[in-house]
Number of protein chains: 2
Amino acid sequence: MTMSKRDTYTPDSLLAVAVEVFNERGYDGTSMEHLSRAAGISKSSIYHHVKGKEELLHRAVGRALDGLFGILGEPGAVDGRAIRRLEYVTRRTADVLMDELPYVTLLLRVRGNTTTERWAMERRREFDQRVSALLRAAVAEGDLRADVEPRLATRLLFGMINSLVEWYRPEGRGGVAGDQVADAVVRLAFDGLRT
Amino acid sequence: MTMSKRDTYTPDSLLAVAVEVFNERGYDGTSMEHLSRAAGISKSSIYHHVKGKEELLHRAVGRALDGLFGILGEPGAVDGRAIRRLEYVTRRTADVLMDELPYVTLLLRVRGNTTTERWAMERRREFDQRVSALLRAAVAEGDLRADVEPRLATRLLFGMINSLVEWYRPEGRGGVAGDQVADAVVRLAFDGLRT
DNA sequence: AGATTAACCGAATGTTCGGTCGGGACAAGG
DNA sequence: CCTTGTCCCGACCGAACATTCGGTTAATCT
């Protein structure tokens, strides 16, 4: 049987706490003191698990980016007609956003003040470009409206999806199920609000 | 003829500089030192024009909120069928976002750490609720799809519009004209991407 | 039992923060 | 040309900041 070890922090479990605080107060607005209080250990103990504040940020945005880029390798994003692949990526991006909500939230808010933040922004732009290419392909195949510039359409599409991090809260009281949210995203994005 | 006065800052012209820096580095990530360098005057001189960092934030978000609430009083937002009013508000919100870009950008990024930020968040929620009511009315009149929860639809709609602040840059090189952007927003929101 | 080590802490480090203070330059009005 | 008020500066302050350090505790290993 499994031994019950002392209840202690790992870099990852500490990360989970830190990311919550980062999202509440903003990365720059969060002090190590805030983190220590939220984690229930002293400020100096945090440095036993991670090198510093920026390592926590790096781990968080790295995890978010892994989730997003993972989508692009899935069969549904690789095979089939472009519009179907775009629909798939749209839905799965919404899924990943909700599954990895705090990590992606942090990713979408970095402003480029540190090396880590600039790296995150660059990788994120890369992801956007991959999706933009998909959208252009779908326009070329005649399945998407051609009267809106593809880059503009991509940005508005992501704007809609990414806004999830501003208001979506998992299940529980008053929370809509993730499936319904993802459905709504795909429906509105492709067919619009009108009857 | 008019006298040529000394070239000097007013609270408002200083605000314009400050808001740019706030948006680049984030409010918390911006020090008074950063502001002074960007404005070309010393840190202490800033305090001659404004009471402090937070007053700059307050002025900025106040201006953004005035712009947004102004829309709700315009004839196009008051008279006519609900779907037309919603379309009007959607387009005008996009317009205001682009006209007052740096100020609205700051508004959409506050996280609630200070009194000013919490006040801004509350007034913003108020605006969202006014639009949400409009959307519900349009659903009741049968002009909008009923298979997506109105609150959810409102959030996704705003998500799309508000994303403007993340990428729209006025005219100039590589910048699309504001009119075309607003057109695209309304078209995608109401009729979707599909052909 | 004794040695090792991961997990932790309180106190202190140097740095940067938002903000203050006393004074200097300079235009306008007398 | 001398006051007055505006605009600005360098020097400074206490507080808060991220990080380091020397040492303590308590599991685990031999």
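For this tour, Ala, Val, Leu, Ile, Met, Phe, Trp, Tyr, Cys and Pro count as nonpolar, Asp, Glu, Lys and Arg as charged, and the others, Gly among them, as polar. The model is predicted: local features need pLDDT of at least 70, side-chain atom pairs count only at pLDDT 80 or more, and totals for chains, interfaces and linings use all residues. Residues are numbered from 1 along each chain as its sequence is written, while chains are lettered from A and ligands numbered from 1 in the order in which they are written.

Select DNA strand C first. It is surrounded by 20 residues (C-beta atom, placed from the backbone, within 6 Å), and the closest are A:Ile41, A:Ser44, B:Ser31, B:Ser44 and B:Gly52. Two or more residues each come from helix 3 of chain A and from helix 2 (32-39), helix 3 and helix 4 (53-73) of chain B; helices are DSSP runs of H or I, at least four residues, numbered from the N terminus. Helix 3 of chain A gives the largest share, four residues. By class, this surface has five nonpolar, eight polar and seven charged residues.

Finally, display chains A and B together.
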